[in-house]
Amino acid sequence: LTSRLPEVGTTIFTVMSALAAEHGAVNLGQGFPDFDCDPALPAQVSQAMADGLNQYPPMAGIPALRQAVADKIAALYGRRYDAEREITITAGATQAILTAILAVVHPGDEVIVLDPCYDSYVPNIALAGGVAVRVPLAMPDFRPDLAAIARAITPRTRALIINSPHNPSATVWTRAELDGLADLLAPTEVLLISDEVYEHMVYDGRPHLSASGHPGLAPRAFVVSSFGKTFHVTGWKVGTVAAPSALTAEFRKVHQFNVFTVNTPMQHGLARHLADPRPYRELPAFYQAKRDLFRAGLADTRLRLLQSEGSYFQCVDYSAVSSLGEIDFCRWLTTEIGVTAIPLSAFYRDGRDQGLARLCYAKRDETLRQALTRLARL
Ligand code: PMP
Ligand code: GLN
């Protein structure tokens, strides 16, 4: 059998979570909350099930949820998508991104990703027969390098994938960066896939600047989000994609034959839950407090902190602590210190070692304190 993905093994998130469980480590590796969602949300889903809403929903998602998503985007970012023709409910952001890529990328097309990037993008591009062109984010702060993106665009470039707030570096695009991107894409037909799963986790009063709210970008963009992140239900795997009707039509051609649709009662529960904007409006303050608690504790260790402008990740430079490579360091941290992290090398094609690890602070304060007590031994 010739592998479709010869360079791919099991994702680092699965590997590190298994290692954390095996060693009883505090798992700050894979990004997920260790606290539960608002109890109103499962109650709303249970109610939908009890009401008999258990058969196939419409292929693109139930109208009430699509409308609630369109209304939220209009209220927050100022663009009014047509819920019928421009919003699709997906099986998490993962399926949204794969489906968008399969819908628009032809064999041999180039897709630009910004290195480091989320680990599904490049295998997704390969599955479409595309060629991933990796443009490095500018170091040391992981900022988008617009000049480098411009240089990477060729007549074969079909799409660019961006991600703000960024996993793993926790940077957030500025207005100038988004405007600059719009300017450089203006004379091209390059499509944009904007992964905004952490849209409600942006700190210190920064706005989240969605591609959906940018007049130069929205007409060419698939804007992807995830209820898993927004409502603390990563295991539910329900996401959204907003895109102009011509793009959505192509997206749905693929979507209907890869999942067809997404489970009914959760869509009803989510639609009801979205009626109240407070949960996502309160999210920045909720996570900023966790970030600040975590960073204050880490400041007492020999780990050097990088920025955490958004997302629920904190990257650290551990080179003052250890000369191990990143994977070995993260294993050692798990087995010897009892805290699990993700090596940044997992987000680069060449697996480079820079002495950086990613920690997730979407945890109860007591979990963060327990991790900090252990990390104080470094
Ligand atoms: N994109 C990024 C940047 C992510 O961090 C994640 C979550 N791991 C996803 C996409 C996938 O989201 P979902 O769980 O909704 O598929
Ligand atoms: N998005 C999460 C992370 O980056 C988890 C992804 C996964 O488990 N596939 O940690």
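1. Which residues are the closest to ligand 1? The model, which is predicted, places 14 residues around ligand 1, and the closest are Gly 92, Ala 93, Thr 94, Asn 167 and Ser 226; a residue counts as near if its C-beta atom, placed from the backbone, lies within 6 Å of the molecule.

2. On conventions, residues are numbered from 1 along each chain as its sequence is written, while chains are lettered from A and ligands numbered from 1 in the order in which they are written. In this predicted model, local features need pLDDT of at least 70 and side-chain atom pairs count only at pLDDT 80 or more, whereas totals for chains, interfaces and linings use all residues.

3. Helix α5 contributes the most to the shell around ligand 1, with three residues; helices are DSSP runs (H or I, at least four residues), numbered from the N terminus.

4. The largest nonpolar core contains 111 residues, and Ala 100, Ile 101, Phe 222 and Ala 357 have the most contacts inside it. Such a core is a set of buried Ala, Val, Leu, Ile, Met, Phe, Trp, Tyr and Cys residues joined through C-beta atoms within 7 Å. Helix α5 (residues 92–104) gives the most to this core, with nine residues.

5. In helix α8 (residues 175–185), the buried residues are Leu 178, Leu 181 and Leu 185. A residue is buried if 20 or more other C-beta atoms lie within 10 Å of its own, exposed if 12 or fewer, and partly exposed in between, with C-beta atoms placed from the backbone. The face of α8 turned away from its buried side carries the exposed Arg 175, Ala 176 and Asp 183.

Methods. Helices (H or I, at least four residues) and strands (E, at least two) are DSSP runs, numbered from the N terminus.
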